[in-house]
Amino acid sequence: MDQIKIGKFIAECRKKKNLTQAQLAEKLNITDRAISKWETGKAMPDSDIMLDLCYILGINVNELLCGEIIDMEQKDEQLNELIFQMAKNEERYHKRLLHSAYVIVATSLVALICLMTLISLLIPECGFQDFLIIVSVILFIIPCIIALKFKVETGYYECKNCQHMFVPNYKEIALLMQTPTRRLLKCTKCGKWTWCKKLTKK
């Protein structure tokens, strides 16, 4: 989506309706600064007010997101292109989250090893050393939980047996065997255990 184009389109539609930025902002119950950001391409309208904005400007959501009035002949083609673009954006987002999960776990593991080594070399065996070891393990577990959340939220797993795509729960993600691209899971459709392939889009 081209935010600059969408911003110019919002400004054009507003002017056609003889509305100032302040008047449009008042109708939407927001500040005129938000309208200015949209029209300069610095921000996009939030999804919860997008329908109200379209109603006031006399356009539909598809036209808003394309940044132009769409005639009937172009409508299906533009809609398909928009859906494809949104799917691509979702896939890129999922890939970034998945990459972040691996970086978090790797960094945390290296930090844990370094901390354990330093504690064992610099601090004599006593209750304080045990306390520091426990704190180090907790500091390792916290980012691992965050990485686990990223893994659950990124894409789907495809059953090797029936090609059904599903999202496993936190327990399955945390405990079951895996490789970088596959995980041993029980399919929610056929009920069979297979090495399911990780996908970032449907």
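A salt bridge is here a side-chain nitrogen of Lys or Arg within 4 Å of a carboxyl oxygen of Asp or Glu. The structure on display is a predicted model, and the tour starts with the pairs that meet this criterion.

**Salt bridges**

By this rule the count comes to 2 salt bridges. Select Arg-14 and Glu-39 to begin: their closest N and O atoms are 2.6 Å apart, and the two residues form a salt bridge. Arg-14 belongs to helix H1 and Glu-39 to helix H3, so the pair links distant parts of the chain, 25 residues apart. Both Arg-14 and Glu-39 are buried.

Select Lys-5 and Glu-68 next. Their side chains meet in a salt bridge with an N to O distance of 3.8 Å. Because Glu-68 lies in the loop between H5 and helix H6 (72–122) while Lys-5 lies in helix H1, the pair ties together parts that are 63 residues apart in sequence. Glu-68 counts as partly exposed, at 26% relative accessibility; Lys-5 also counts as partly exposed, at 35%.

**The nonpolar cores**

Now display the side chains of Ile-10, Leu-24, Leu-28, Trp-38, Leu-53, Ile-59 and Leu-64, the residues with the most contacts inside the largest nonpolar core, which has 20 residues. Two or more residues of this core come from each of helix H1 (3–16), helix H2 (21–28), helix H3 (32–39), helix H4 (47–57) and helix H5 (61–66). The largest share, 6 residues, is given by H4.

Center the view on Ile-10. Leaving aside residues up to four places away in sequence, Ile-10 touches Trp-38, Glu-39, Pro-45, Leu-53, Leu-57 and Leu-64. A second, separate core has 9 residues, including Cys-159, Ile-173, Cys-187 and Cys-196.

**The sheet**

Switch to a cartoon view for the strands. In which order do the 4 strands of the open sheet stand? The order is S2-S1-S4-S3, and the pairing is antiparallel. Strand S2 (165–166) and strand S3 (182–186) stand at the edges with a single partner strand each, so one side of each is left without a neighbour in the sheet. Select strand S1 (residues 156–158) together with S2: 2 bridges join these antiparallel strands. Across this pairing, Tyr-157 stands opposite Phe-166 in S2.

Move along to Gln-163, whose place is in the loop between S1 and S2. The phi of Gln-163 is near 60°, a positive value in a residue other than glycine. With a relative accessible area of 47%, Gln-163 is partly exposed.

A residue for comparison is Asn-18, found in the loop between H1 and H2. Here phi is near 55°, again positive in a residue other than glycine. Asn-18 counts as exposed, at 68% relative accessibility. As background to both stops, most residues other than glycine have a negative phi.

**The surface patch**

Which helix gives the most to the nonpolar patch? Helix H7 (residues 127–153) does, with 5 residues. Ile-134 is located in helix H7. Is Ile-134 buried or exposed? Ile-134 has a relative accessible area of 51% and is therefore exposed, since the cut-off for that class is over 50%. In soluble globular proteins, nonpolar side chains tend to be buried together.

Terms used: Residues are numbered from 1 along each chain as its sequence is written. This is a predicted model: local features need pLDDT of at least 70, side-chain atom pairs count only at pLDDT 80 or more; totals for chains, interfaces and linings use all residues. Side-chain values use heavy atoms; hydrogens and water are left out. Two strands pair if DSSP finds at least two bridges between them. A nonpolar core is a set of buried Ala, Val, Leu, Ile, Met, Phe, Trp, Tyr and Cys residues joined through side-chain atoms within 4.5 Å. Buried means under 20% relative accessible area, exposed over 50%, partly exposed in between (1.4 Å probe, protein chains only). Contact means heavy atoms within 4.5 Å.
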